[in-house]
Amino acid sequence: MTSTTLFWIFSIISLISACMVVSLSNAVYSVLFLIVVFCNTASILLLLGAEFLSFLFLIVYVGAIAVLFLFVVMMLNVKIDGVKINYSTIFLIGILISLILLIQIWTALQLDIEAYDNIGVPLSQNNFPTIISWIQENELPSNTESIGLILYTSYSLVFIMCAFILLLAMIGSIVLTMNQRSGVKTQQITLQLYRNQNKVVRFIDLRKN
Amino acid sequence: MYLLIIALPLVGTLVTGLGGRWIGRKGSNLFSTTCVVLCVFFSSIAFFEVGLCGVPCYISLSPWISSGALNISWGFLFDSLTTTMLVVITSISSLVHLYSIQYMEHDPHCPRFMSFLEIFTFFMILLVTADNFVQMFLGWEGVGLASYLLINFWYTRLCANQAAIKALVVNRVGDFGLSLGIFTIFYLFGSVDYEIVFSSANIYTNYSISFCGFSINTLTLIGIFLLIGAVGKSAQLGLHTWLPDAMEGPTPVSALIHAATMVTAGVFLIVRCSPLIDLSSDVLLLITLLGSSTAFFASIVGVFQNDIKRVIAYSTCSQLGYMVFVCGLSYYNVGMFHLVNHAFFKALLFLSAGSVIHALSNEQDMRRMGSLANSLPITYAAMLIGSLSLAGFPFLTGFYSKDLIIEITQISYYSNLQISFGVYACWLANISVLFTSFYTFRLIFLTFIKNTNSYRKHIENIHESPPLILIPLILLAISSIFVGFLTKDIFVGIGTPFWGNAINILPTSCNLLEVEFMPSLIKWLPFVLSSMGAILAYTINVGVLKNNIQFAHNHLFRKLAFSLSKKLYWDKLYNSFIVSPLMYFGYNISFKNLDRGFIEFVGPYGISRTIKNWSTKVIKIQTGQLTHYTFFVIFGLCSLLLLVPVWDFLQFLVDVRLLVFCFIALFVA
Amino acid sequence: MLFISSYDFYALLTEIYFLNAICALLIYGVILNTSYRRGHPVIEHNVSGLSTQILIVSLWLTVCSNIPCLTSWNSLLVHDFLSFGIKSTILAISLLWSLIIFSYNRLEKINLYEYWIVSMLAIVAMLFVSCSYDLLAMYLAIEFQSIAFYILASFKRTSEFSTEAGLKYFVLGAFSSALLLLGISLLYGTTGLTNFGDLSKFFLGTTLENASFINITFFGVVLIEVALFFKISAAPFHMWSPDVYEGAPTNVTSFFGILPKLALVSLIFRFFYFCCAEVVLLLNFTLIICALLSMIIGTFGALAQTKWKRFIAYSTISHVGFIVAGFSTLEFNGAFGALFYILVYTLTSLATFSIVLSFRCLAYPSTYQLRYLTDIVSLVKLNPILAGSLVAVLFSMAGIPPFPGFFAKVFVLFSLLQEQLIGLAIMAIFLSCVSCFYYIRLIQMMYFTHTKTILIFYPIEKTTSTILSITMLLLVLIFLKIDLISNFVHCMLFL
């Protein structure tokens, strides 16, 4: 199958899944469809040649975030019968908003400046057969390498800022949720390690005759 | 010395008005009378200098308003016209001061009265000594104010309140006309100084103003506006309704203001503006018609009045008509002459009427008096002299001026003089003579000669008035007899140099000599008419027809008499057609609907109500639901996106007026 | 080193010191707080003092640094007078702010020392925001700041209000971050550039030609604009601020109210005037509409409020409306007006919050913070100086001369009139009049209302009163030498 067909398949599945995510009433099903969306997006990224990003999607989005969502949904025990929304009142405004966004997309697609050649639809215009130059694939830095070459040198500040954001998030979660109760009996590892091994086990003779 | 004439009454009024509490009744009496008597001396000296020696005096004090092309300065002009008026004003004012010391001796507000008299004197002097129109207007308004204060002296009396307001409002209409005249003068001449306006009046004879498509000769327009002012102040027909009601004030007030001085301010204005008025024949026509109608109207209404003071008031009105119409015939000097004479004998009449009222314990209705001749001899003598002078008894004061006026009207029959409208004046003036003498003698008969109609208590308490009241009467009686003869040559003699530059008469109108050459019979006409009037009065009141009054039961006669005693329904006309609708409009429409209604609705009340409503509505948008917040963010984003390409031509569709309309519509919500 | 020069470290001296100090403080706090031997001491006061010291040192470091006006870190950050000015202002104001908070934390028994850690991290984020010069750096700095704020907003775990506020802020903030990211990605996708300087050179001359071909870029810029307006709570994206201001504990609300807008306004200035100058010329009216809506909603909303913190939130929205109006002129006069306004607003906010934080009532055996506006009736009898200072603050907010608020409004209005935006100016004046009403209503409540019962006020702490007096001094007397502030702003704009 050509890359065009694959693109169409993945796009349609991910769009349908995205619609299902927001319209289903069962929360677990929504999360599962979200996972489908992520997987299909990862496949599209693979088609574009961004393999690092695609695996990152799988690892981070599916592996961490979707799992987190599932945990939360399971814990919250959301009822299956969701809130009944009366769609007729917001029908008109919804149509208006979607129209506006569609107009934006439509005007965006009408581009004829050379600088904007590589966006969006041109995939369908690539009718020439693709030749993969394996020497290039071998020698030139792969996705991961090139990202690494830039990220830790030119954009190191950005990297460090991300680190601090993660630190902040960690502090935040501890601050907001950790309950330190004073009377709780917890393990004190240091005391346990200081224990004199010799004095731990004692043999007691029960029969005293 | 000239400035002292102006300053002394001002000092007098301030001291007695503000410090009356401390200097008391005697002090204020003394102080104010001294001030005015000093003024008499100074003004007679001024009359001698300016009038008799022919040395007019111009004093320029300081600039007042200086704005662009408008330059008005404080300045005083003492020429012959001014000094004549000054002598009249100050002498009568001083006599009235003397009189009112005794007349008001039982009144607790005497200092206030004195200070009001001084205010009036000050403003009147300011009016006559002004050297530009605006200063004269200041004096004009001031005497209006003073008349309000004086008529309303007994302010707890409702009739006095109403009469004072009526006087002020009717005067105001005249003042409006006068101010329009001053504006037009400024528009035409570029200045309001007398010198400039009068010297350059000749240049603008053919100049017209176009207004709403009409084109009017400017000098005519100015003349009409000035005439409206004179009509208001001098109580000519149309704005005369205040004069009879103004008798609510004390008698000295009537004597000072409504006989001698304030009401003559209108005539003074016409005479002062003679250079302007004489140049437009339309205005002269109007003045003559108006003056003669006033004279006639007032005299026939005066026949059926019952209050002493009202009769004398109507006679004042009638004589003012004489003065005005003779100015309309271009004989300003004759008008001034009559003004001076009239001042003396009218003041005499008023003061003696006051003496009568005082003697009869404030009884004012003539029908309740009678046979006071024996009890009040000096008053009777004074009143008789005054009445004879008014009626034009030969060789008394009134004879010289009044008969001269009637003779002047007779010469208007000569068609080459082009004052044919004078014929109208002639007829009306002659008939008025008849009625004037009728009601004058009726007054004398009813008050002094007929049988008594008053209460026994009043008769028992009757006494001749104390000397301070009698002295002015005597002085005025003497002047009523002699002043006319003594000053005849100065004022109206042929070729007199007295007036100088003060009065301008067109050369074609100086026809005084013609008066001398009339057939004798016509010269006797006024005397005949006044004797007829006297005999008629005698017959009806004292003589044959005293008990035989069958003619009075005639239906037509009753109707006529009733309407005349209602002053020909002028008051009713004004009240129902002008005053009531204006009051209704003022209260209902402009106050209730506009001021409290619409303006409050759109203004403070409307804004605060709208803002309160809208703030509660705006608060309700913040629902607290997270999804709603998200919706608003998306909605804001989409509306911004929508307007991006569209704004360029949307700007032409959205009109500011539409937005303003929507904003105002918010108030309804 | 090829990619990092030694200048970079000098440029970020303050931040490096700050971050290191925070980490050290964090370690110190963790070790002490979890030590069983010391009995889990409450070290909040200790950490607050130490963090104040960190602020003092970093302020000194910032003020004494030279400004060679270069970009650093591979053109991710810029160091010119604007960033210098904003940084030193932020550090100075946060120093003053921290002094106010001392007593509040003690009285309200906020025993978590992490409060200070997170606040310090938020301040570092604001420093990064003010000197960011790249779309990436901008996004990360804004994210950094926002996450710190999310945590702070829900700091009081036992209060439902607080958790709800934090949650709302988080969801809406994440949403706006998503919009910001979409805008950035569209901008990068159509131009291939992320640096502000590069973008400004890219957009040169777009208004001269027919600009319809860069619709997508427009879209991206509008999205970024929307997200930035969300962060400074301009309408119609202001919905979060009343709820968040009200739900968060008052010390956090003071943090929200005083500090972040300064950094964000400087970022907006850099973005709109430098980076996308030509594009924004075509988007002029979006700014006008946002300004108008902010002023209207802020004014009308504040009229109907009964609680202190919501009231402050709505009046903040109307002030932000003025600032956006200043920016909508797209001229340097307007930017001057807007920056002047934000500086004056920060000062006034500091004064307001120092007064609001001293509104504690005694209800034996504990004290509680005043919540309702009407609780300050007859304040003049209890504490006339506090009432007088509140009067000064309210007059400054209402824009009455000679207080600096008047000058701020005047500069903005002058620039509006110069650009012929007369309708906006008239609406601004009209709404200022309306806002005057509710400010003066407070004064009327304090001075002229008589009640039968008066709440007993807890006396103000020394630190709070020191800050109050400093701000009062500045507010009341700055008109004598107003060019202190205006010269400062001028240098910031033009150097």
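Biologist: How many helices and strands does chain B have?

Modeller: Chain B has 26 helices and four strands. Helices (H or I, at least four residues) and strands (E, at least two) are DSSP runs, numbered from the N terminus. This is a predicted model, where local features need pLDDT of at least 70, side-chain atom pairs count only at pLDDT 80 or more, and totals for chains, interfaces and linings use all residues. Residues are numbered from 1 along each chain as its sequence is written, while chains are lettered from A and ligands numbered from 1 in the order in which they are written.

Biologist: What share of chain B is buried?

Modeller: Of its 669 residues, 49% are buried. A residue is buried if 20 or more other C-beta atoms, placed from the backbone, lie within 10 Å of its own; 12 or fewer is exposed, and in between is partly exposed.

Biologist: Next topic. At what angle do α7 of chain A and α6 of chain C cross?

Modeller: Roughly 10°, with the axes of α7(A) (residues 156–177) and α6(C) (residues 135–153) coming within 10 Å. Axes are lines fitted to C-alpha atoms, for helices over the stretch in contact, and angles run from 0 to 180 degrees between N-to-C directions. The crossing makes the two helices roughly parallel, a label for angles under 35 degrees, with over 145 roughly antiparallel, 65 to 115 roughly perpendicular and the rest oblique.

Biologist: Which residues make that contact?

Modeller: Among them are A:Phe164 and A:Leu168 of α7(A), and C:Phe144 and C:Ile147 of α6(C). Contact is when C-beta atoms, placed from the backbone, lie within 7 Å.

Biologist: Where does α3 of chain A bend?

Modeller: At A:Tyr61, by about 30°. The bend is the angle between axes fitted to the seven residues ending there and the seven starting there. After α3(A) comes A:Asn77, with a positive phi near 55°.

Biologist: Over to chain C. Is C:Leu475 buried or exposed?

Modeller: C:Leu475 is buried, because 22 other C-beta atoms lie within 10 Å. This leucine sits in helix α21 (residues 462–477) of chain C.

Biologist: What does C:Leu475 touch?

Modeller: Leaving out residues up to four places away in sequence, its contacts include C:Leu347, C:Ala351, C:Val393 and C:Phe403. C:Val344 is 131 residues away along the chain, with a C-alpha separation of 8.7 Å from C:Leu475.

Biologist: And what do the buried residues of α20(C) pack against?

Modeller: Their partners are α24 (604–619) of chain B and several helices of chain C, including α14 (284–303) and α18 (384–398). C:Tyr438 and C:Leu442 are among those buried residues.

Conventions
Two residues are in contact if their C-beta atoms, placed from the backbone, lie within 7 Å.
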